[in-house]
Amino acid sequence: MTSRPRLLLPAAFITSLGNNIQLLGAALLLVRAQGSMLDVGWLFIAVAVPQAVLSPYFGRLADRFDRRRLWVTCDVVSAVAAMALPVGLALGISQQPVIYVTNFVLAIIAAQFAPASAALIRERVPAVDLRSFNAHYEIALQSGMLLSASLGGIALQYFGPRPLFTFNALTFALSAVLVVAVGAKRRPAEELPQAIKRDVRPNGLPLAPLALLFGQGLVVVTVFNALLPVLLIGEWHRGPAVLGVVDAVGGAGFLLAAAVYRRSTARIGDLRLATGGFMVCSGLLVLQPLFGVPALMALVLLGAFLFGQARIATRSLLMTSVDESRVGHAFGVANGYGLAATIVVMLIASVVTGHTDTRYGFAVLALISVLAAAFATLRLPRRSAVEEPDVTVLI
């Protein structure tokens, strides 16, 4: 069977689309029912806790077992779990408990999916294509986020939550079909008919600061996505459609970032792009809630553009920081740290916002993000040699 790693791109797009519709819809239902940042914060914490605890262990599993089968299993179980939310709402079960429980279960599955998907990419994509594939992978993820925000917000406003959550379950099923079609792992003789082997030597960068940078990206995205509906709907009294448009603008910024990433990294390198991008983007968070919706859109576009390039660069560096057999562990550690930090930052931002308003929640997120990025930068060596993966050709 021929391996087709490019099928992982539409699978990632579909999964991202469904996941973000699920979380966006659940957050909006809680904001409408409770109107509290803390309630939304608890939802994101319920999603983060199992991933923070289980990701390092599940990362090791991704290095021991067939990564393609793990991805497919995660999708199938997620499809079943996701259907529990629309079924529960249809049966009249109390809205808040079923939202928390369903998203908690999906988060446990996501703890295995994140390292398994990263490890599968490193396993199937040739070394020389990793940077390009990571950029396209980020385009797939952010395209899913863009459509989930715009279509999800509008659909929720006009059609209600149940069709939206049912669609999420179907996206998991379709993702599983695509990953099955990727094919089984090829034997060396099939993979290298000309007896040529390409591999990536680890780039020499320490894992801990890269995991800190990658994890901090998770913190920013998760806490920002919790603050945004509270700002727009709870404080500015705008509808879900406006939230969808703002999120779509952010998605567009990510797409632009992915499109120019190769040119940016060729000029300044992955290491500087990762550290500098995260620092500047974190500073922009302070300004976003201060000037109304038009200014928010402009700042979100710029922030997403910088953040997206930093995110792709960090992903590439982390993926090549260890041998291919340990990629699952590396991403498991990074995911675990990022989600554990998300819990702490989410609680702090929720308490601060609850006692003041979202302006201070954004400021807290910005301060913590800048400090984390600065600390990681100080721990990373400043060597041009680590900017390019070492591609070895053995004949």
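Asp 357 forms a salt bridge with Arg 359, and their closest N and O atoms are 2.8 Å apart. A salt bridge here is a side-chain nitrogen of Lys or Arg within 4 Å of a carboxyl oxygen of Asp or Glu. Asp 357 is buried, at 16% relative accessible area. Arg 359 is partly exposed, at 40%. Buried means under 20% relative accessible area, exposed means over 50%, and partly exposed lies in between (1.4 Å probe, protein chains only).

This is a predicted model, in which local features need pLDDT of at least 70 and side-chain atom pairs count only at pLDDT 80 or more, while totals for chains, interfaces and linings use all residues. Residues are numbered from 1 along each chain as its sequence is written, and side-chain values use heavy atoms, with hydrogens and water left out.

### The chain as a whole

The protein chain has 13 helices and 2 strands. Helices (H or I, at least four residues) and strands (E, at least two) are DSSP runs, numbered from the N terminus. The chain holds 395 residues, and 56% of them count as buried. Take the contacts between residues at least 6 apart in sequence: 88% of them join residues at least 24 apart. Contact means heavy atoms within 4.5 Å.

### Salt bridges

Side chains of opposite charge can pair when their charged atoms come close. The structure holds 4 salt bridges.

Salt bridges that share partners join Asp 63, Arg 67, Glu 123 and Arg 124 into one network. Arg 67 is buried, with a relative accessible area of 4%. Glu 123 is buried, at 16%. Glu 123 lies in helix α4 (residues 95–124) and Arg 67 in helix α3 (residues 67–90), so this pair ties together parts that are 56 residues apart in sequence.

### The largest cavity

Rolling a probe the size of a water molecule over the atoms shows where empty space is left. A search of the whole structure finds 3 cavities of 30 Å³ or more. A cavity is a set of points, on a 1 Å grid over the protein atoms alone, where a 1.4 Å probe fits but cannot get out; lining residues have an atom within 4 Å of a point. Grid points are joined across faces, edges and corners, and a volume is the space filled by probe spheres set on the points.

The largest cavity has a volume of about 1,100 Å³. Its lining has 44 residues, and Asn 19, Asn 20, Gln 51, Ala 110 and Leu 218 lie nearest its centre. The elements that give two or more residues to this lining are α1 (8–34), α2 (37–64), α3, α4, α5 (130–159), α8, α11 (293–319) and α12 (327–355). Helix α4 gives the most, with 10 residues. By class, the lining has 25 nonpolar, 15 polar and 4 charged residues. Ala, Val, Leu, Ile, Met, Phe, Trp, Tyr, Cys and Pro count as nonpolar, Asp, Glu, Lys and Arg as charged, and the others, Gly among them, as polar.

Helix α8 (residues 207–235) has 29 residues. From first C-alpha to last it reaches 41 Å, close to the 42 Å expected at 1.5 Å a residue. The expected span is 1.5 Å times one less than the number of residues. Helix α8 is mostly covered, with 23 of its 29 residues buried. Just after α8, His 237 takes a positive phi of about 60°.

Helix α11 has 27 residues and reaches 37 Å, close to the expected 39 Å. Of those 27 residues, 19 are buried, so α11 is largely enclosed by the rest of the structure. Phe 307 sits in α11 and counts as buried, at 4% relative accessibility. Leaving out residues up to four places away in sequence, Phe 307 touches Gly 217, Val 220, Val 221, Phe 254, Phe 278 and Cys 281. Phe 307 and Val 280 are 27 residues apart in sequence and 8.5 Å apart in space, C-alpha to C-alpha.

### Ala 376 in helix α13

Ala 376 is found in helix α13 (residues 358–379). Ala 376 is buried, with a relative accessible area of 0%. Beyond its neighbours within four places in sequence, Ala 376 is in contact with Pro 209, Leu 212 and Leu 213. Ala 376 and Ala 211 are 165 residues apart along the chain, with their C-alpha atoms separated by 8.9 Å.

How values were computed
1 Å grid on protein atoms, 1.4 Å probe; cavity = no way out; pocket = protein on both sides within 12 Å on 5 of 7 lines; lining within 4 Å.
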